[in-house]
Amino acid sequence: MNSNKAKTISLEKLLQKQGYYPTKTNGDDNWYFSPFRKESTPSFKINTKLNFWYDFGELIGGNTADYLMFKFGFTFSETLEYLKSFAN
């Protein structure tokens with residue numbers, strides 16, 4: 001696993017495996033309740049075409065690796081190790 005491969009792993013599938021599902025879909029954008037906090041209005045968006053997320057409540061976004069490092073506090077090496085199971 002390397003950084004380029006990590007960026008191609010689907011955020012949508014990663015969130016599904018963690019039990020998060022979109023509440024609304026608008027074209028390439030899927031909206032979720034934030035995986036970072038409890039909320040009553042979805043503020044977490046994934047653009048499935050770009051494979052990029054943005055959390056409007058936290059004012060932060062990024063790729064798959066960025067999500068895991070923010071969510072779990074992983075180092076980059078730990079993130080790559082975690083993503084090995086998603087490579088296939």
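**Entry 1: the hairpin.** I began with the hairpin of S3 and S4, which has 4 residues between the strands, and there I found Asn-51 with a positive phi near 55 degrees. A reminder to myself: I am reading a predicted model.

**Entry 2: the strands around S3.** Next I looked up how the strands pair. S3 and strand S4 (residues 52–55) run antiparallel, with 4 bridges. On S3 I also found strand S2 (residues 29–32), again antiparallel and over 4 bridges.

**Entry 3: Asn-47.** Which strand holds Asn-47? I found Asn-47 in strand S3. I then checked its partners: Asp-29 has Asn-47 as its bridge partner in S3, and in S4 Asn-47 stands opposite Phe-52. Leaving out residues up to four places away in sequence, I listed Asp-28, Asp-29 and Phe-52 as what Asn-47 touches. Is Asn-47 buried or exposed? I put Asn-47 down as buried, because its relative accessible area is 16% and the cut-off for buried is under 20%.

**Entry 4: the core.** I turned to the largest nonpolar core, which has 15 residues. Those touching the most other members are Leu-15, Phe-44, Ile-46, Trp-53, Tyr-67 and Leu-83. I noted that helix H2 (11–17), strand S3 (44–47), helix H3 (64–72) and helix H4 (76–83) each give at least two residues to this core. H2 has the largest share, with 3 residues.

**Entry 5: Leu-83.** What does Leu-83 contact, apart from its neighbours within four places in sequence? My list for Leu-83 reads Met-1, Ala-6, Ile-9, Thr-64 and Leu-68.

Key: Residues are numbered from 1 along each chain as its sequence is written. This is a predicted model: local features need pLDDT of at least 70, side-chain atom pairs count only at pLDDT 80 or more; totals for chains, interfaces and linings use all residues. Side-chain values use heavy atoms; hydrogens and water are left out. A nonpolar core is a set of buried Ala, Val, Leu, Ile, Met, Phe, Trp, Tyr and Cys residues joined through side-chain atoms within 4.5 Å. Buried means under 20% relative accessible area, exposed over 50%, partly exposed in between (1.4 Å probe, protein chains only). Contact means heavy atoms within 4.5 Å. Two strands pair if DSSP finds at least two bridges between them.
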